[in-house]
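Visitor: I have a structure to go through with you. Could we begin with the aromatic side chains and then turn to the strands?

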Amino acid sequence: DGKILLSSRGPAAVAEGGDGSQSSFNIARYNSDGSLDTSFGTGGKATLDFAGENDTATGIGQQSDGKIIVSGKARIASNDVFAVARYNTNGTLDATFGIGGKATLDVGGSEFGADLVIQPDDKILLGGRASGLFTVMRWNANGSLDLTFGGGDGIDQVDIAAGVDTGGGIALQSDGKIVQTGYNTTTGQLIVVRWDSF
């Protein structure tokens, strides 16, 4: 319908479990003319705090029924983990997704979900980094990890070069193959990786 969805990080609202000093998932929806869509969430905005620590939303997409998937990282017990949440089209959290509308994955090491893409079957591809490696994972449409993906655990990783490889944008080709971009912090080189569709 031409409306615009934006994901970002911002202060965690007290009503969402934060005290205003931490960052949280933030979503806003704009009308096609650039004005805030006040029918969405609270005054056009929605926030989500995972565990009272700093969270960052970096990716956003829509499933075929219009529900909104937001991804990024959540900080839980001082540990950064991959995080995904689903919102209804009116900006309320969808409690039927994952656990209470949220899903997280800790694979060890500092983790960051940089970008997402929704497959035609509504499965969710999330790209980012973990333990200094390019990382890609797939979630089922309902927020459970897709154990048919990767090595049977829903996730795959690759080490490009010495130093930290940081996966960024992710896209799906017409043949189902997955393209992921990023860079290496040691060499400063840009990186492009293509994964099979599994």
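Visitor: Where does the charged end of Lys102 sit?
Guide: In this predicted model, the charged end of Lys102 sits over the ring of Phe50, 5.5 Å from the ring centre.

Visitor: And is Phe50 buried or exposed?
Guide: Phe50 has a relative accessible area of 14%, and it counts as buried because the cut-off is under 20%.

Visitor: How many aromatic pairs does a search of the whole structure find?
Guide: The search finds one. The partners are Phe25 and Phe50, with ring centres 5.0 Å apart and planes at 70°, so the pair is edge-to-face.

Visitor: Which parts of the chain does the pair link?
Guide: It links distant parts: Phe25 lies in strand 2, whereas Phe50 lies in the loop between strand 3 (45-48) and strand 4 (56-62), 25 residues apart. Phe25 is buried, at 0% relative accessibility.

Visitor: Staying with strand 2, what about Asn26?
Guide: Asn26 is found in strand 2, which covers residues 23-30. Asn26 is buried at 16% relative accessibility, and its side chain makes a polar contact with the side chain of Ser24 at 2.9 Å.

Visitor: New topic: in what order do the three strands of the open sheet come?
Guide: The order is 12-13-14, with antiparallel pairing. Strand 12 (165-172) and strand 14 (190-195) are the edge strands, each pairing on one side only. Neighbouring strands of this sheet are turned by 25° against each other on average, direction ignored.

Visitor: How many bridges join strand 13 and strand 14?
Guide: Strand 13 (residues 178-184) pairs with strand 14 over six bridges, in the antiparallel sense. Gly182 has Ile191 in strand 14 as its bridge partner.

Note on methods. Residues numbered from 1 in each chain as written. Predicted model: local features only at pLDDT ≥ 70, side-chain atom pairs only at ≥ 80, totals over all residues. Heavy atoms only, no water. Helix = DSSP H or I, 4+ residues; strand = E, 2+ residues; numbered from the N terminus. Buried < 20%, exposed > 50% of the residue type's maximum accessible area, 1.4 Å probe, protein only. Polar contact = N/O pair within 3.5 Å; in protein donor to acceptor, adjacent residues only side chain to side chain. Pairing = 2+ DSSP bridges. Axes fitted to C-alpha atoms, helices over the stretch in contact; angles between N-to-C directions. Phe/Tyr/Trp six-rings, centres within 6.5 Å; stacked < 30°, edge-to-face > 60°. Lys NZ or Arg CZ within 6 Å of the ring centre and 35° of its normal.
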